Amino acid sequence: MALLQLRRASSCRNSFLFLLRSSTSFTEARSFTTTTATLFSPHLLSNSVSQKLPSATLPSFDFLKQSRRGFAKGKNKSKDDSARGTVEFVDIGPTVKATTTSQMDAAIVALSRELQKLRTGRASAGMLDHIIVETDGVKLPLNRLAVVSVMDAKTLSVNPYDPNTLKQLENSIVSSPLGLNPQRDGDRLIAAIPPLTKEHTQAMCKVVAKSCEDCRQSIRRARQKAMDTVKKAGSSFPKDEAKKLEKEIEEMTKKFVKSAEDMCNKKEKEIKTG
């Protein structure tokens, strides 16, 4: 009996100790949880951080706003600077002068051809070049079918490459406005240059004057095109260079106009003197 009571007492003691240990562990765990929650609570954390970090180190909203504005201004400024820096001046001078010279040269060449068509009192090998001859259904300039040479001041010789075209050459010369009446001499044609009448001389001088004016107009049109090109260049071409180029174009125009007038004066003199 005494042994049974002793066992019961021992069992109760063990149970009490187990309960006591469990209660102690729960209390410690609860205390640890409470302490941790307290240490890491948002309010205390913000207070502790704010105590450790000075307020000057925290950027304000105004500071960020000013920084964004400053960045935007700097960005726009860099765009403007880069835009101004990319402006390039193009030297159009050589191209404009070359084009203008080519156009004015073409006007002088056209005038020379027109003057060669006009007959004077003297024989000229080129006075038949503009005559078109039709042979075998093909139209060709006379100088492609025959050689024209000057026998003397009043006579031309026409020697065809193909003797079979002699008849066609004769008909073409007779039907031209030159007033020539060639004669056959074997396999060639002999064309005597008749003296010009007063009426014919006056008519030829009028044609020369008109041809000269047409050439002047062509030269001036080329000048105007060049001036328009310089104006269209605008700010991409420096003003000093533009003025210099315009002056060179003016001098070029005067030079070509004088050349055309000299050619016409020479031709008019040939017509009048015979």
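This is a predicted model: local features need pLDDT of at least 70, side-chain atom pairs count only at pLDDT 80 or more; totals for chains, interfaces and linings use all residues.
1. Residues are numbered from 1 along each chain as its sequence is written, and side-chain values use heavy atoms, with hydrogens and water left out.

2. Lys97 forms a salt bridge with Glu248, with 3.1 Å between the closest N and O atoms (the criterion is a side-chain nitrogen of Lys or Arg within 4 Å of a carboxyl oxygen of Asp or Glu). Lys97 sits in helix α4 (residues 93–116) and Glu248 in helix α7, so the pair ties together parts that are 151 residues apart in sequence. Helices (H or I, at least four residues) and strands (E, at least two) are DSSP runs, numbered from the N terminus. Glu248 is partly exposed, at 26% relative accessibility.

3. The whole structure holds 9 salt bridges. One of them joins Arg216 to Glu213, with the closest N and O atoms 2.7 Å apart; both residues lie in helix α6, 3 residues apart, about one turn of the helix. Arg216 counts as buried at 16% relative accessibility, whereas Glu213 is partly exposed at 29%.

4. In helix α7, Asp262 and Lys258 lie 4 residues apart, about one turn of the helix, and their side chains meet in a salt bridge (3.1 Å, N to O). Salt bridges with shared partners also link Glu213, Arg216 and Glu261 into one network.

5. Do have a look at the helix pair itself. The axes of α6 (residues 198–233) and α7 (residues 239–273) come within 10 Å and cross at roughly 170 degrees; axes are lines fitted to C-alpha atoms, for helices over the stretch in contact, and angles run from 0 to 180 degrees between N-to-C directions. The two helices are therefore roughly antiparallel (over 145 degrees).

6. Finally, the sheet: 4 strands form an open, antiparallel arrangement in the order β3-β4-β6-β5, where pairing requires at least two DSSP bridges between two strands. β3 (146–152) and β5 (183–185) are the edge strands, each with a single partner, so one side of each is left without a neighbour in the sheet. The twist averages 30 degrees from one strand to the next. β3 pairs with β4 (residues 155–160) over 6 bridges.

Conventions: Angles under 35 degrees count as roughly parallel, over 145 as roughly antiparallel, 65 to 115 as roughly perpendicular and the rest as oblique. Buried means under 20% relative accessible area, exposed over 50%, partly exposed in between (1.4 Å probe, protein chains only).
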